[in-house]
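Have the viewer open as you read.

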Amino acid sequence: MADTEARTVTRTVHIRPDLPLTLTESGPADGRIALVLHGGGGPATVRSIAAHLSERMRVVLPTHPGWNGAERPDWFTGVDDLALAYLQWLKDEGHRDVLVVGSSLGGWTAAEMAVRDDGDRITGLALVNSAGVDVPGEPVRDVFALDPGEISTYSFHDPARFGVNPATLTEDQITAQKANMVTMRTLCGDPYMHDPKLLNRLGRVQVPALVLWGESDRIVTPAYGRAFAAAFADARFVTVPEAGHLPHIEQPARSFAALDAYLDDIYPAGTAATDGTGVPTV
């Protein structure tokens, strides 16, 4: 029987001796895994998604190597390295029937994972305002050319309410943000914010996908999102009004309603996680 007692724990696992992964887990100790992958802003930007999902699933929220001071080996230089690392972790711990949710860079990572998932470990995929593909006429805005205030302006429907005022940041926070941007540039600066082959590969993914998009996003536009969704074999594209690049922060009720509707379809109430053969894992 599943342990339904909610808890939050942080642990470190080593995919390789030089590649530690910091994982924060919440929700029931047993049951279906929801792997929640953050974007360039770090784990804090997806904590509300993790908290929401923890009411029904065992949520794992990693800190990507190189973010918030986490160790990143010199050879770890691409989003494909992120995808392969998380797939290896799923394999090492024997996780199957996994939901992967990713925001922005995390969505790109989730898509790369799904393309490479030869072990059929992933059964659900939710991408939130994801980068990662090349859509003619809809380029991803160059965030490396923007200051923090400009990033907020382009990211939020209501930047005055949800944007971060750089003047309120401490020196430590500013230093951490700069270090995170250095890592992001290393992983996705060239080619900028996309894998040239990913769009054409998405048709291989047979897992039903949710592509959720804030209508006011000016970092990656809704037209970009529609093209992203259309490339999958089975995807639904849902827009969130009055929201930008992080719709789960600006419009949590609308965002989580769309996510819950998707989860209710692919994981009907009362169904337990399985080992991939139909045998429950709990």
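## What lines the pocket

α4 (148-155) and α6 (171-188) each give at least two residues to the lining of the largest pocket, and α6 has the largest share, 9 residues. Helices here are DSSP runs (H or I, at least four residues), numbered from the N terminus. This is a predicted model, so local features need pLDDT of at least 70 and side-chain atom pairs count only at pLDDT 80 or more, while totals for chains, interfaces and linings use all residues. Residues are numbered from 1 along each chain as its sequence is written, and side-chain values use heavy atoms, with hydrogens and water left out.

In total, 43 residues line this pocket, and Gly40, Gly41, Ile151, Gln177 and Met181 lie nearest its centre. The lining splits into 25 nonpolar, 14 polar and 4 charged residues (Ala, Val, Leu, Ile, Met, Phe, Trp, Tyr, Cys and Pro count as nonpolar, Asp, Glu, Lys and Arg as charged, the others, Gly among them, as polar).

## Pocket volume

The volume comes to about 1,200 Å³, meaning the space filled by probe spheres set on grid points joined across faces, edges and corners. On a 1 Å grid over the protein atoms alone, a pocket is an open set of points where a 1.4 Å probe fits, with protein on both sides within 12 Å along at least five of seven lines; lining residues have an atom within 4 Å of a point.

## The α2/α3 pair

Helix α2 (residues 79-93) packs against helix α3 (residues 105-116) at about 60 degrees, axes 8 Å apart (axes are lines fitted to C-alpha atoms over the stretch in contact, and angles run from 0 to 180 degrees between N-to-C directions).
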